[in-house]
Amino acid sequence: MGTIDQAEGQEQDGHLLLTGATGFLGQATLERILASHPRLRVTLLVRGRTGTTAQERVDRLLRQPVFSRWRERVGAEVAAAEVAARVRVLDADLGNRDLTLPDDLTALVHGASTVSFDPPVDEAFRTNVQGVRDLYEAVLRSGGNPHVVHVSTAYVNGVHHGPVPEMSLRHDVDWQSELAAAEAARAFSEADSRRPATLRGLFDEAKKVHGKSGPRSTAVAAEARRQEWVEKQLVEHGRLRAKVAGWHDVYTFTKALGERVAETLLTGRRPLTVVRPAIVESALRHPYPGWIQGFKMAEPLILAYGRGQLTEFPGRPDGILDVIPVDMVVSAVLAAALRPPEPEKPHYLHVSSGDRNPLTFREMYEQLHRFFTDNPMTDGGYGHVTPPTWEFPGATRADRLLRTGEKILDLAQDALLRGPHSERTRRWQDDLTRTREDTDALRRLSDLYGDYVQNEAVYRTDKLLALHHSLTGDEAATGGFDPADIDWGHYLREVHFPAVTGSRRGPDKRRSRSRGPKEVNPTGDNRTVAIFDLEGTIVSSNLIETYLMAKLNELPRGEWAGEMADLLRRMPRYLSAERHDRGEFIRTFMRRWEGFAEADLRKIVADKVGDALLRRAHPQAIRRIRQHRKAGHRTVLITGTLDMLVEPIAPLFDETVTCRLHVRDGICTGFLDRPPLVGEARAAWLVQYAEAAQLDLASSYAYGDSYSDRPLLEAVGNPVAVNPDTRLYRHATRKRWAVADWTAHTMSAVDSMVETVW
Amino acid sequence: MSRPGFVLEVDERTPALLMHQGEGFRLEKLPMGSRVIYPPESLPGLRDVDEEIRKALAAPVGRPPLSELLYAGMRLTIVFDDLSLPLPQMQTPDIRQRVIEHVLEAAAAKGVDDVELIAGNALHRRMTPAELKRTVGDRVYRSFFPHHLKNHDAEDKENLKEIGHTRHGEVVEINRRAAESDLIVYVNITLTPMSGGPKSVSVGLASYRSLKHHHNVQTLRNSKSFNDPPNSAMHHSYNRMAALLAENVNVFQIETTVNNDMFPKQMDFLNKREWEWNLKDQAAFLAVRRANELVPPAKRRQIWHRTAAPYGITGVNAGAPEDVHPITLKNVLRQQLTEVNGPSDIGIWGLPYICPYNVNSIMNPILVMSLSLGYLFNMYQNQPIVRPGGVAIFYHPVPNEFHSVHHPSYIDFFEEVLAETTDPVAIETKFEEQFATDPWYIHLYRNSYAYHGVHPLYMWYWGAHALEHLGDVIFVGGDRKTTERMGFRSASTLQDALEMARERVGSSPTITYQHTPPIAMADVR
């Protein structure tokens, strides 16, 4: 075996270039080089990011837990010296044709790859195809003769049943024309998204949701939707192109083309080994059992099961979940790197368990069930979650169940948003959001694993095994990479599951969705403002109610019926205006004040209606306003109500922004003096006000109850949704805004009306 | 002739006994051997009240007849007790209306033009126009409202006048109009021994500056009880203030007392002893209780507050406050006092739907505390009906309900202060100043219909003596969270409450139920 002799020669003084060092596999590889290959120098190809140089990224990388055991063993000083002497950073971007590599490389491990399974098609090609081309062209230019270890994936074999040998892929896809098509795809989609028909649809959707907040919000939302649409198109493009060409997804498709690029450029010119790991999971032994970084392929599945979300599984019980511990992959990669093949004969390795030690879904499920029965997840203060029992109903039925569930949820959400809101609907919304999250999680998992769990390919590992048996000395000491060495029960229940469930932060299951507002803290610099909406937020009355109270006070009882009838007759018009545009509603409704004598109105408010406002006020709101004042904050009231109607609570505010009726000769004309401040206008007003008074909006507070207050709430650092309508509630819980329920001790409209006008 | 009060010992023949429980009532079987304090039967009312008023004004004690005190060109101010008296409200015409009409007639006869009427509401909420009208009658209301019939405003600095300091350094500050009048006629209803006499002007027309000298924890802990003026530090303070007032203003006090007819004819069973209920009473009880359960809560409250008492007037006396009040007190005690032989381990009280501060309003948890540990616990002479370290059991649902217009500072007191401490001294030290001077509360007191900001703290102080004396306080049927916030416990039945009480007072405690309705005052020997 010539390769082994060569390997022993190379171990003397090597120089290895590593890409993807910040990733899961990359970190493990770097750690192994530092810990177990003392004579190997390493250059890391790392890209600087905005605000962080490549060197800083590497410094941060070296503080990761993966290096902790090694640092403890050799001591911090030795570790630092080792890094200084052996690690170099090359700040460069893949996908850069001017890349210059060192000319003394003995090996190159290309581990960089996209993280996601369904990225937009152009991104997938840029990293997995173009990046490979640029890197290997640079290798050729550099003049050195490194052994290129190309890390790919076992799933590049595409849709395949039965045993798959370790050899070059068989397909006729031309990577160059595919790359060109992918590069052009974005421009196409961008152009497509600007077609009138597309834009109209997107705008209409945005208007339906955001129309009440105002035209600016609608425009912003529509543009965001357009960009989302482009991304979706590109994702769809990638997914479908991959399917048509014979792969599961764009990830495996581009990885397959990446291998072809490597073969095209390097065969006959440089030694090439293609390593194809299956699903890489936490370490079995090295750097320590259970080491894992970030979220890997199977974690969502494990956590979803533990949370009780994964009630059924769309796979076959005898299907194989091809999992391989990360340290075995690293051992295989480095062992391969030290044994370059002939340049004419690229070498292929599957690093997978399915051939020698298959893990079936049934076994996986049994291990999960045992593990979570012994270590149940807590259920947010409600005891523990019972691990679900799987029946394996088959993919089609599972998918149908899921689809039905999604449809029902969509209908329920629609109904909830259309209906009136109350504390009960908010509770329903909570339930709905939670169920939705569970279903979404299922859908994501189902999509993610859909093809993998259906996969019936068995990746042969004969060459891997030969390499394993060739290990000598130090290499063999790390345990090698024979998948038959894995005891699944031990690995899953004692190493992998604890690592996955332990690395997760926060409560196991989020139950309480909304949180109340934080305590008001004094800021001391007089630059904080607390801005309050009135109706629904501070008082539970509305324009119509206060109008009616004032009007009935003025009218003789005999005419009450007529007034009520008229109000009812016009109600549909008011409601339609309200649904369409809050400002329009205020304008329409204020016409009713036409003919009122201003002086009479003031007297009625002073005598009667003023107290009605206090009756309908939320004591908790009043307390909150007073807390802000006590904390030295400036308090502002912003409302579409008439100025004189807010007088009873005006002393609580430094500034009140109200509507004023236009008065001619002491009589109200039914018109307003200036446009009512609603929706975005409120946010714009606040921004201006803050600028003029040099206030700090990031430390400020805003309180509102309706979705039309959203722009106002978004303008500050501490938004609070008070007794929110369903739409605002949904938004608030998504954004993790504080939600306050301030309805205690507020008199009902009827009681208040009786106390006021009788 | 009315039968005197007595103490019943519960035996096997004793029927279930009536108890108030907020806006409802129940019949409760008490354990054998329990004592029940009944006040004297309702005294007969005066036959001709107008004649008695005329007589009182013509022949006062310690003052010349009223007509001799009136002259043209004088400033006359008539002050009357506010909405907090009597409880429940009196059927119209209110005795205050009758007295005021006589006084005004006398004044008119003498050509007095400058007359003002002021409700002596101190830090209580303003009376609404409708409430004022009900109290003084339509005629007086129409002639004087709004310019010459007003509520006292304890925060109107311009219209307060400092009279001076007592020898204990207490500031006496009252309504300026009254202070600068040639004569103050005070029209009073003395429902319990606590009110009337020296308290009327010195408290009813005072400001926070002046009130804080006697409305504090120290004074109330040394008022044992505040319904027994000779043993009440609070009344000693009133007396000092009244003496100073007597040197500076001329007060003509007209005091009236009522009998125990607290409920109208159709609810006569509430005024009767249970074993004497006839078939009609039993039917009425069942009907009223059922109807009461069926009415929606807001409506139920409204009905109770609109139910006015057909009180009989047991006395009308006029003259110098210090001379007329002893006569009045005698009349009150004649109606309410029952002698009891020693205290017991456990005291039981049923709490009604009303107290002085929730007329036409909501009985909030703080008011429940002041009614139970303040008013009812202190209905004694000599010593409380419960021994030191004993247990008080009250019947009330203690709902977490507040009237947001009438009691805004109560809500904040409950949410913010009680969450931190229930100790009266700690509350007084840390929070009194803040609540008393808060501009928003002052704004609401003056312009809306809110009790003064400091009022909930006073309510808490009312219970300070009981808190110190008792070992435990249990509310039967009380909301668990609300009672817990106030530092008390709740039980669902009397049996549970007694079980809980046994932790403190041993396995075979003595029990005394102070029967309400009607009002009973215990003379515990």
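Is G137(B) buried, exposed or partly exposed? Let me start there. G137(B) is partly exposed, because 18 other C-beta atoms lie within 10 Å, and a residue needs 20 or more to count as buried. This is a predicted model, so please take every value as computed from it.

To place that residue: G137(B) sits in the loop between α4 (129-136) and α5 (138-144) of chain B. Leaving aside residues up to four places away in sequence, G137(B) touches P93(B), Q97(B) and E101(B). Take Q97(B) from that list. G137(B) and Q97(B) are 40 residues apart along the chain, and their C-alpha atoms are separated by 5.5 Å.

Next, some backbone geometry in chain B. A122(B) is not a glycine, yet its phi is positive, about 45°. A122(B) is in the loop between β6 (114-120) and α4 of chain B. A122(B) counts as buried, because it has 23 C-beta neighbours inside 10 Å.

The loop between β15 (661-664) and β16 (667-672) of chain A holds D665(A). With 7 other C-beta atoms within 10 Å, D665(A) is exposed.

Back to chain B for cis peptide bonds. One runs from K224(B) to S225(B), with omega near 0°. S225(B) belongs to the loop between α9 (217-221) and α10 (233-248) of chain B. Another cis bond joins P517(B) and P518(B), and there omega is about -10°. P518(B) is in the loop between β19 (511-514) and β20 (521-524) of chain B.

Now chain A as a whole. Chain A has 27 helices and 19 strands. Its C-alpha atoms fill a box of roughly 110 × 55 × 55 Å along the principal axes. Of the 758 residues in chain A, 44% are buried. If we take contacts in chain A between residues at least 6 apart in sequence, 78% of them join residues at least 24 apart.

One helix of chain A deserves a separate look. Helix α20 of chain A covers residues 560-580, and at 1.5 Å a residue its 21 residues should span 30 Å. The end C-alpha atoms are 29 Å apart, so the two values agree. As for cover, α20(A) has hardly any: the count of buried residues among its 21 is zero.

On to helix packing in chain B. Two packed helices are described by the angle between their axes and the distance between the axes. For α15(B) and helix α18 (residues 455-462) of chain B, the angle is about 60° and the axes are 8 Å apart. The pair is therefore oblique. On the α15(B) side the contact is made by S409(B), Y410(B) and F413(B), and on the α18(B) side by H455(B), P456(B) and L457(B). By class, that contact has four nonpolar, two polar and no charged residues.

Last, the contact between the chains. How many residues does each chain give to it? Chain A gives 14 residues and chain B gives eleven. In chain B, α15 (408-417) and α17 (439-447) each supply at least two residues of the side that touches chain A. The largest share of that side, three residues, comes from α15(B). Sorted by class, the side of chain B that touches chain A has seven nonpolar, three polar and one charged residues.

Key
Residues numbered from 1 in each chain as written. Chains lettered and ligands numbered in written order. Predicted model: local features only at pLDDT ≥ 70, side-chain atom pairs only at ≥ 80, totals over all residues. Contact = placed C-beta atoms within 7 Å. Helix = DSSP H or I, 4+ residues; strand = E, 2+ residues; numbered from the N terminus. Nonpolar A, V, L, I, M, F, W, Y, C, P; charged D, E, K, R; others polar. Expected span 1.5 Å × (residues − 1). Buried ≥ 20, exposed ≤ 12 C-beta atoms within 10 Å, placed from the backbone. Axes fitted to C-alpha atoms, helices over the stretch in contact; angles between N-to-C directions. Parallel < 35°, antiparallel > 145°, perpendicular 65-115°, else oblique.
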